[in-house]
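Hi,

Here is the structure I promised to send over. Have a look at it first, and then read on for what turned up.

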Amino acid sequence: MGNVETGGVWHAREFGSMFYGLGTEHIRWGDVPDSKRSGYHFRGNPRAEAVLDGSEFVLGTLTHYNFRIPMPQHEQFTVYLDVTVTFKDSGTTIPLPSLRFHHHETPNIGGDRDDVVHLPKVDAHPTVQIGSDLYAVNITGFSTDTERHAEWFHSHENGRSQARLKAQLARIGQPNSYISHVEASGDAYVEILNGGPERADVSGWTLRADDAGHAFTFPSGSVIGPGRRIRVHTSGADGDYGGYSYGVDHQVWSEEGDTALLEDAEGAMVSAFPYGG
């Protein structure tokens, strides 16, 4: 565990003459006055706490300035963000693999249309050495005022939209899957995150409430990709998160507070997540 400070600058590998602000945290594009150019601004996190076991932390905040601009030749392009992580206790700075953003500048024919900013991809070699250990770098999601985790966010035309970009540093060779969230109200679910660098087979694992009688066992073939998550809903199911469900119409997770428990196929405790109370 360590307190870290992150930062980032942009560079482009496609159609570089289109862009302004390369080598800074604010890249812009469009043949219009600077204040009307579209662009991305990445603001690093000066007070992140990175846990080197696959736990998530906020890498920084991405703002998309979305304006109507002429893009006659290249409506789709790729830009890259170079991010550094500085460990405050040692002063050591680690460069992460480049993050690759594919952008489609919508033409807004027949009216304004929102852009969709997709989660960036880690460039070709998604590992980094910290001390004597090798870690996988996973970009796990965007967090907004309405979504705690998403693979994209909508960016409204003629304005700016932003989201916090979340990441993991997971040590190679050490699997680490754990309960990351319990949503007890409304469409209740428990979320499980794979913080390891390889696929995690959770077949036969059991999710249970501390309150006896509420247990769900994952069927054969249940796998979580590296840096990905699944959700076990109480009644409904979400195909984007594995489609798992208790399939009951009564409450499993007390809104007053409880503890969600995750056990492996042999019954050994993997994760305990107290909430509420």
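Let's start with a quick one: which residue forms a salt bridge with Asp-133? The partner is Arg-171, and the closest N and O atoms of the pair are 3.3 Å apart. Bear in mind throughout that this is a predicted model.

Another one to look up joins Arg-229 to Glu-56, with the closest N and O atoms 2.6 Å apart. This pair links distant parts of the chain, as the two residues are 173 residues apart. Arg-229 belongs to strand S22 (residues 229-233), while Glu-56 is in the loop between strand S5 (48-50) and strand S6 (57-66). Arg-229 is buried, with a relative accessible area of 6%, whereas Glu-56 is partly exposed at 22%. There is a network here as well: Glu-56, Glu-191, Arg-229 and Arg-231 are linked by salt bridges.

Then there is Arg-28, which forms a salt bridge with Asp-34; their closest N and O atoms are 2.6 Å apart. Arg-28 has a relative accessible area of 17%, so it counts as buried, the cut-off being under 20%. Asp-34, at 39% relative accessibility, is partly exposed.

Now for the nonpolar side. In soluble globular proteins, nonpolar side chains tend to be buried together. In this model the largest nonpolar core has 41 residues, and the ones with the most contacts inside it are Trp-10, Tyr-40, Leu-59 and Leu-99. Strand S7 (residues 76-87) gives the largest share of this core, 6 residues. Apart from it lies another core, of 21 residues, including Val-190, Trp-205, Ile-224 and Val-252.

What does Leu-59 touch, leaving aside its neighbours within four places in sequence? Its contacts include Phe-42, Val-83, Val-85, Leu-96, Leu-99, Ile-139 and Leu-165. Also among the contacts of Leu-59 are Thr-6, Asn-45 and Lys-166.

Cheers

Terms used
Residues are numbered from 1 along each chain as its sequence is written. This is a predicted model: local features need pLDDT of at least 70, side-chain atom pairs count only at pLDDT 80 or more; totals for chains, interfaces and linings use all residues. Side-chain values use heavy atoms; hydrogens and water are left out. A nonpolar core is a set of buried Ala, Val, Leu, Ile, Met, Phe, Trp, Tyr and Cys residues joined through side-chain atoms within 4.5 Å. Buried means under 20% relative accessible area, exposed over 50%, partly exposed in between (1.4 Å probe, protein chains only). Helices (H or I, at least four residues) and strands (E, at least two) are DSSP runs, numbered from the N terminus. Contact means heavy atoms within 4.5 Å. A salt bridge is a side-chain nitrogen of Lys or Arg within 4 Å of a carboxyl oxygen of Asp or Glu.
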